[in-house]
Amino acid sequence: MSKQFKFMLDESNIPKAWYNVNADMPVHLAPVLHPATKKPVNPDSPSPLPMALTSQEVSTERWIEIPEPIRDIYKLWRPTPMFRAHRLERMLDTPAHIYYKHEGVSPVGSHKANTAVAQAFYNKEAGTKSLTTETGAGQWGSALAMACHFFNLACQVYMVKVSYHQKPYRRILMQSYGAEVYASPSDRTAYGRSVLKSDPDCPGSLGIAVSEAIEAAVMSRGTARLAVGGAHNFVMLHQSIIGLEALKQMEMADEYPDTIIACAGSGSNLGGFSYPFLNEALTQGRQTRFIAVEPAACPTMTKGRYTFDYSDTGALAPIMKMYTLGHRFVPPGIHAAGLRYHGMAPSVSALVANGYIEARAVLQVPAFNAAVQFARAEGILPAPESGHAIRVAIDEALRCKETGEAKVIAFCLSGHGHFDMTAYQAYHEGALQDYAYPEEAINKALAELPEVPEFYRGEGSPFPD
Ligand SMILES: Cc1ncc(COP(=O)(O)O)c(C=O)c1O
């Protein structure tokens, strides 16, 4: 029998509803607290998000219908293909079966478009005129810029300064869709100005860019609202489309994953890919290992603390119970491989803390080695972020070679790396250094966690640290 490489679904198979893991969460999620009052926020609290999204944030409905205008735009690239990596298997000489879901086929090159389109749609419905957001290397910003254009919304992107200068092409992509892009910290917001005053050379961080985007939305007095690229429950919900399609595609392949792997920055491609399979594990007793992969330079889950922290640096955003490196964490400039957010989605954090998901940290040179090996086998140059997942997929396949087990390994190829040539160039020139974020720096950053009422973290609390 000839080998099948691609598992393709047609448009009629684009899911009609997203899967909400909060309906089946096997562990308690702590409430999200207001940054000033430290009281739980609820959908009626004032928010820079539209009501539809704040409702999705707290919803425990298992299935949430995907509105038709969103499905229509998804048709531009969804369903995305799932591949069996026969050529990589042969290169590794492994008995493992390796599959990958290719989210890099979206027009902007990553999974971020799945939630960008949904957030732009709900904002348009709510009468929003303009969206503000943060972006690191620019994958999320370009996804939102495209989605805003589709719904005739203005778009302002605060881009981490070091990337703004090092990665001009993503900025130009955002501008091509009509977005305004500012290097963050900027002098456009009071928070940005305060950061620049104390550190004029600050390279920026996602946490600082989030604070600026929130301030810009709040100061617009109702014309602009905030959009977010990860961490929040509604983002995980929108991304569940990845895993829902993958479930059908594994069925077409007549196999089921023993191991599911995804990289994690704020957790959205990991949650999106893995939660529909986790649902199978929880409700059908399927035995699957879930592995979240992060960089050793930003070791949120493997060295951070599971506790309450601000989701931005300026303490304007809600306090969430999550793995965190401290909201003042500024990632080291020598780290080129993405995934630099100080926190992690509360749902992913709770599942890691309770042993449902394993967390692993990898150094950047081994991640790039894996990305290049993958490109040479399968032809696709991955986003450096996705390289982290590929590193662990290859390591797991090599373990199978030692044990002789024909395990089924599936990973999410969250994006392509066509805009990441500066990082690949540094890799090829041998200029990338491995760097593990030092323990002392983590302890220092964690010394500035917010005070929250004893009920939420004290002994006997339903949400113990
Ligand atoms: C290609 C790619 N993969 C993964 C991530 C990490 O984000 P998340 O953990 O929310 O999927 C990013 C972040 O921008 C990204 O651009």
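This is a predicted model: local features need pLDDT of at least 70, side-chain atom pairs count only at pLDDT 80 or more; totals for chains, interfaces and linings use all residues.
Strands, as I use the word here, are DSSP runs of E of at least two residues, numbered from the N terminus.

**Entry 1, S130.** I looked up S130 and found it in strand β6. Its relative accessibility is 10%, and since buried means under 20%, S130 counts as buried. Setting aside neighbours within four places in sequence, I listed its contacts as L153, A154, C155 and Q156, together with T223, A224 and R225.

I then turned to α5, which runs over residues 139-150 and has 12 residues. At 1.5 Å a residue the helix should span 16 Å, and I noted that its end C-alpha atoms are 17 Å apart, which agrees. Is the helix enclosed by the rest of the structure, or is it open? I found 10 of its 12 residues buried, so α5 is largely enclosed by the rest of the structure. The buried residues include W140, L144 and M146, and also G141, S142 and C148.

Which residues are closest to the ligand? Of the 15 residues that surround it, the closest are G265, S266, G267, S268 and S414. Among the polar pairs, a side-chain atom of S266 lies 2.8 Å from a ligand oxygen atom, and a polar backbone atom of G267 is 2.8 Å from an oxygen atom of the ligand. For S414, I noted a polar side-chain atom at 2.7 Å from a nitrogen atom of the ligand. Taken alone the ligand exposes 390 Å², and the protein buries 92% of that.

Last, I looked up G230, which lies in the loop between β9 (224-226) and α10 (233-252). Its relative accessibility is 9%, so G230 counts as buried. Although G230 and G267 are 37 residues apart along the chain, their C-alpha atoms are separated by 6.7 Å. Not counting residues up to four places away in sequence, G230 touches V235, S266 and S268; of these, S266 and S268 are also listed among the residues closest to the ligand.

Note on methods: Residues are numbered from 1 along each chain as its sequence is written. Side-chain values use heavy atoms; hydrogens and water are left out. A residue is near a molecule or strand if one of its heavy atoms lies within 4 Å of it. A polar contact is a pair of N or O atoms within 3.5 Å; within protein, one must be able to donate a hydrogen and the other to accept it, and residues adjacent in sequence count only if both atoms are side-chain atoms. Accessible areas come from the Shrake-Rupley method with a 1.4 Å probe; for residues, only the protein chains shown count as cover. Helices (H or I, at least four residues) and strands (E, at least two) are DSSP runs, numbered from the N terminus. Buried means under 20% relative accessible area, exposed over 50%, partly exposed in between (1.4 Å probe, protein chains only). Contact means heavy atoms within 4.5 Å. The expected span of a helix is 1.5 Å times one less than its number of residues.
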